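Here is a short briefing on one protein model and its ligand.

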Amino acid sequence: MFTPEMMESVKKVEATRDKRMGMEPRRMTADEKDALLKAFHPDYKDAAFETIKIGPNKGQKAPAELVHLLHSNSRLTKEKIDLQKIDYDVDVLVIGGGGAGASAAIEAHEAGADVMIVTKLRIGDANTMMAEGGIQAADKENDSPAQHYLDAYGGGHFAARPELLRRLVMEAPDAIQWLNQLGVMFDKDETGRMITTHGGGTSRKRMHACKDYTGAEIMRTLRDEVINRQIPVAEFTSAVELIKDETGQIAGAVLLNMETDDYLVARAKTVIIATGGAGRMHYQGFPTSNHYGATADGLILGYRAGVPLLYQDTIQYHPTGVAYPSQIFGALVTEKVRSLGAMLVNRDGEAFMHPLETRDVAAASIIRECSERGKGVTTPIGSGVWLDTPMIERIGGEGTIEKRIPAMLRMYLNYGIDMRKLPILVYPTLHYQNGGLEIGGDGFTKGIHNLLVAGEAVGGIHGRNRLMGNSLLDIIVFGRNAGKAAAKKAKDTKLGKMNLDHIGEYARMLEEAGIDTHDQSPLLLPKYARHER
Ligand code: MEZ
């Protein structure tokens, strides 16, 4: 439960609730947002970034922790890998067992390809599983993909790659139907129509949800489909380097069996990187809402093979991570809590911002409230602001929280906090990498043949900030497309002799840049992972 000091503040939140119920905080102007972001968003903290010294993005900045991995040695530098000894030989190799990887594998299988998934943990151990509030699609009569495009384009600071965003919004309605037919249990009203809500920055209610475990429900369904189709999945098996042939096209990957430490060779006519995000890098010391394996591996594999990164310097801090209690510090408090009417208020019970500003603006606003304005609530481990959850019951009626966000309710009840009666404390948490590997509208990487990327490892779909529910959407849209495209390409691909020459070239670049390191990448597991046998 809360400390006496917090309870003092709760009284102020309760005392101002009636007055706040009837008001809607004003939205910030574009100039106000710009000034706020520059002063308080972590992306603008210059000291936390370093310059990349080698490779396609040489001279550009990235979070220091990511630059460190880009400047590290291959895990294979001192290993002798026998590329003649082939352990797996397939048409399509999917690296990653989350929503994007599973969607890709299902479509490649549907197209008749011999496809396999390798995943360093278990299938479904992925950020897909952790996404809660919903998936966007403009499929109602008052909405359109064009409207969806405008919302996402503006929310992403007009930086999204038009060909990628276009595909995302145009194929969204079909993605929802595909999931529905596979068996995802979307929230529906008594007539069978899907229930949709707003998210931050949406001009229409287009967030489709499965209560507050939308990602888990989607992943459950995709995993079942992979199993039903008997698509081979090598679990606890990570990709540590891509393999090319003498023409420079991708020809497979070197894998590491995480249980035995043995290296394996997978030959593949096409490879899809679907390795997800980077929350476990804990940029700038932030806690994270991400799953245990989110360590930017795909970015390292792709970059070492020559694929450029796009927007690698922009990270999403979800405005509402758990600030208290400490046992769940940094866990996600879904944006749906705000969609249902909960306001963000400071320690004096003042609503200091509109609850549905876009995520970067909302995060910066909370950071300002707790720092410059000194209006945060002090906790035993930091500070936070209130998310006034009892408002949801007042707006939607008694029982709304249990019905619409039952997982949130249960998570807090485990620690003696009943969010139907008490507000909860939140602070930004590292949630999503806006940037990633550069692809074209067809899903193939720029410059490196037969290599595709899908999901959070892609850069450019959302620009410099992503709206809620567009990530669950992109893993489906771009995952499915990658699977179809990879299967098609595999049909007319002939592989030559495999080699790992690009690793040697990368090592030479490190040396020429004067980078002398013993560290290795990809990281595979967070720094605090225990390696016990
Ligand atoms: O898109 C997301 O990141 C998402 C659905 C998160 C959430 O707040 O629930």
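Two strands count as paired if DSSP finds at least two bridges between them. Helices (H or I, at least four residues) and strands (E, at least two) are DSSP runs, numbered from the N terminus. This is a predicted model, in which local features need pLDDT of at least 70 and side-chain atom pairs count only at pLDDT 80 or more, while totals for chains, interfaces and linings use all residues. Residues are numbered from 1 along each chain as its sequence is written, and side-chain values use heavy atoms, with hydrogens and water left out.

- Strands β13, β19 and β21 form an open sheet of three, in the order β13-β19-β21, with mixed pairing.
- Its edge strands are β13 (309–310) and β21 (458–459), and each pairs on one side only.
- β13 runs antiparallel to β19 (residues 436–438), and two bridges join them.
- Leucine 310 has glycine 436 of β19 as its bridge partner.
- Another open sheet of three strands has the order β6-β8-β7 and antiparallel pairing.
- Here β6 (135–136) and β7 (196–197) are the edge strands, each pairing on one side only.
- β6 and β8 (residues 207–208) run antiparallel and are joined by two bridges.
- Glutamine 136 has methionine 207 in β8 as its bridge partner.

**The ligand site**

- Which residues are around the ligand? They are Glu132, Gly133, Gly134, His318, Leu332, Thr334, Glu335, Arg359, His431, Arg466, Met468 and Gly469; a residue is near a molecule if one of its heavy atoms lies within 4 Å of it.
- By class, this shell holds two nonpolar, six polar and four charged residues. Ala, Val, Leu, Ile, Met, Phe, Trp, Tyr, Cys and Pro count as nonpolar, Asp, Glu, Lys and Arg as charged, and the others, Gly among them, as polar.
- An oxygen atom of the ligand lies 2.6 Å from a backbone N or O atom of glycine 133.
- The side chain of histidine 318 has an N or O atom 2.8 Å from an oxygen atom of the ligand.
- For histidine 431, a side-chain N or O atom is 2.7 Å from an oxygen atom of the ligand.
- The ligand taken alone exposes 270 Å², and the protein buries 99% of that. Accessible areas come from the Shrake-Rupley method with a 1.4 Å probe.

**Backbone exceptions**

- Most residues other than glycine have a negative phi, and most peptide bonds are trans.
- The peptide bond from tyrosine 324 to proline 325 is cis, with omega near 5°. Proline 325 is in the loop between β14 (315–322) and α11 (336–339).
- Serine 521 to proline 522 is also a cis peptide bond, with omega near 5°. Proline 522 is in the segment after β23 (520–521).
- Phenylalanine 236 is not a glycine, yet its phi is positive, about 50°. Phenylalanine 236 lies in the loop between β9 (233–234) and β10 (237–245).

Conventions: Polar contact = N/O pair within 3.5 Å; in protein donor to acceptor, adjacent residues only side chain to side chain.
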